[in-house]
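Here is a short note for a colleague who is opening this model for the first time. Please keep the sequence and the 3D view side by side while reading.

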Amino acid sequence: MIGTWQRSLATAFLSILFTSVAALPAFAQQNEQQIIPPQTKSPAQKQPPSTKAPSESEELQQAIDRAGNDRAALVRNLEAFLKEYPEARQRPQIYRALVEASLQLRDSPRATDYAERIVALTPEDMSMTMLAIQLLERNGDEAALHRAINYSTRVLDYVDRTAAGEKSPKISKEEWEADQKRDRTNILVLRGGLSFKLHDYAAAQKDFRASMEIVPNALAGEKLGEIAELNKDLPGAIKEYARAFALADTSSSGANRREIRQKLGNVWRLAHGTDQGLGDYLLNAYDDSVAAADAPKPKRNAGAKDPYDFTLRKAPDGSPYALAEQKGKIVVLNFWATWCGPCRELEPHFEHVASQFQGMADIVFLAADCDEDESLVPPYLQEEKPRTTVVFADGLDTLLSVRSFPTIVILDRAGKIAYRTDGFDPDGVESELSNAVRHALAAQKENSETATHGAKSEL
């Protein structure tokens, strides 16, 4: 079931972070100090060299060294070590190494055993809990599936207990809430699928319906259709299959639209004796799902009327960038998108102009990305490596009526537009932009001096 998820949990605890075998020597040596009592010798008698039994950590190191790169030997050696030291303080790290090696050896039962041991030792380890669920679902018997359901409930409780105050500062509250919904949706589908395998259809149906209420999804819809069909509820099965078909993405590995279509067609013919009317029914189901998906979503900086009311995000990490902190400075904005060819052409010119004013505290150059799909930005930045600060536009482009790319806007110290150009002339952009920046700086200095003289004359 986990392999079918379209997206891992936003809190990142679904990422399985195994401790590499290469790192185990460091664990073996950690905090290990050999205290050797002083030896007293008689001047007339030589003591034979003392032989000291290897310590626990030294034996672990030897077990690792003897295995080399042989994963099967590593498993044997580590299990022999655990037999001799069943309460070894490095057990969590050793168990992780055994899980990793067992997966590489395709020994799922052993990997499952050690994954569950880690969960017993560190129940707060959600990544390993999720791995244990996956392994139990894939390879387990009825008792294993029941344990997997218990683990799923534990993960769901963990998500429910997570407070907004624990979120990363790199994401907004709206993003955090969306991720929480997605996490709960996926875990409910996961637990429902486990109950379905145990033929506990009432429990499965409850989880699938709860999942659909949070975020409508094809996986839960398809399973609800199967349950309705098993219960001989043909109208209910048609409804659920049609909704799943409308929600399914043909590029998704989570739900197979062709299979859903076959199930739907079969139930429709059982109910009506013919395929007639199915096409119209599907179109209506699709329209309903699209209307629900297109419901208004909260926008960043909604209600902001002034540029300095905006808090943007730095790309690609999403850390906040409050424009209010730049108030009183000249702000030069280059609005661009990854798919825009002229934007790529403008970038080196923009950076060259920015370098001319480098070190001046009262001017800021920002490259504001306007991509709808922000996942395109990190690889673009990795490839192009721009030298100016890159931020996500986060609605500032809408406020400033940016409708084409690239667009350059210069804001004066009051946040008013001092210069604007839509598109650019490659031969004259640098001189034109440099002159515009200097003009804005001169106007700022002139206004500052006027204000100072006015204040003196009043005295």
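1. Ground rules. This is a predicted model, and local features need pLDDT of at least 70, while side-chain atom pairs count only at pLDDT 80 or more; totals for chains, interfaces and linings use all residues. Residues are numbered from 1 along each chain as its sequence is written, and side-chain values use heavy atoms, with hydrogens and water left out.

2. Strand S4. Start with strand S4, residues 363-369. Helices (H or I, at least four residues) and strands (E, at least two) are DSSP runs, numbered from the N terminus. Seven of the seven residues in S4 are buried. Buried means under 20% relative accessible area, exposed means over 50%, and partly exposed lies in between (1.4 Å probe, protein chains only). Both faces of S4 are covered. One side carries Ile-363, Phe-365, Ala-367 and Asp-369. The other carries Val-364, Leu-366 and Ala-368.

3. S4 and S3. Strand S3 (residues 330-336) runs parallel to S4, and seven bridges join them. Two strands pair if DSSP finds at least two bridges between them. Ile-330 stands opposite Ile-363 in S4. From S3 the chain passes through helix H14 (residues 341-356) to S4, in a right-handed β-α-β crossover. Right-handed means that, with the strands pointing away from the viewer, the path from the first strand over the helix to the second runs clockwise.

4. S4 and S5. Strand S5 (residues 389-392) is also parallel to S4, with four bridges between them. Ala-367 has Val-390 as its bridge partner in S5. Leu-366 stands opposite Thr-389. Helix H15 (residues 377-384) belongs to the right-handed β-α-β unit that S4 and S5 make with it.

5. S5 and S1. Which way does strand S1 (residues 311-314) run relative to S5? The two are antiparallel, joined by two bridges. Lys-314 has Val-391 as its bridge partner in S5.

6. Rings of Phe, Tyr and Trp (its six-membered ring) pair if their centres lie within 6.5 Å; planes under 30 degrees apart count as stacked, over 60 as edge-to-face and the rest as tilted. By this rule there are eight aromatic pairs. In one of them, Phe-350 and Phe-365, the centres are 5.6 Å apart and the planes stand at 70°, so the pair is edge-to-face. Phe-350 lies in H14 and Phe-365 in S4, so this pair ties together parts that are 15 residues apart in sequence. Phe-350 is buried at 1% relative accessible area. Phe-365 is buried too, at 9%.

7. Charges over rings. A charge sits over a ring if NZ of Lys or CZ of Arg is within 6 Å of the ring centre and within 35 degrees of the ring normal. The charged end of Lys-223 sits over Phe-196, 4.3 Å from the ring centre. Arg-257 lies over the face of Phe-245, and there the figure is 5.2 Å.

8. Helix H3. Buried residues in H3 include Leu-74, Leu-78, Phe-81 and Leu-82. At its start, a side-chain oxygen of Asp-70 comes to within 3.0 Å of the backbone nitrogen of Ala-72.

9. Cis peptide bonds. Most residues other than glycine have a negative phi, and most peptide bonds are trans. The bond from Ala-315 to Pro-316 is cis, with omega near 5°. Pro-316 sits in the loop between S1 and strand S2 (320-322). Phe-405 and Pro-406 are also joined by a cis bond, with omega about -5°. Pro-406 is in the loop between helix H16 (396-399) and strand S6 (407-411).

10. Positive phi. Where does Lys-232 sit? Its place is the loop between helix H10 (218-230) and helix H11 (234-247). Phi of Lys-232 is near 65°, a positive value. Lys-232 is exposed, with a relative accessible area of 71%. Asn-301 has a positive phi near 55°. Asn-301 lies in the loop between helix H13 (278-293) and S1.

Note on methods:
A polar contact is a pair of N or O atoms within 3.5 Å; within protein, one must be able to donate a hydrogen and the other to accept it, and residues adjacent in sequence count only if both atoms are side-chain atoms.
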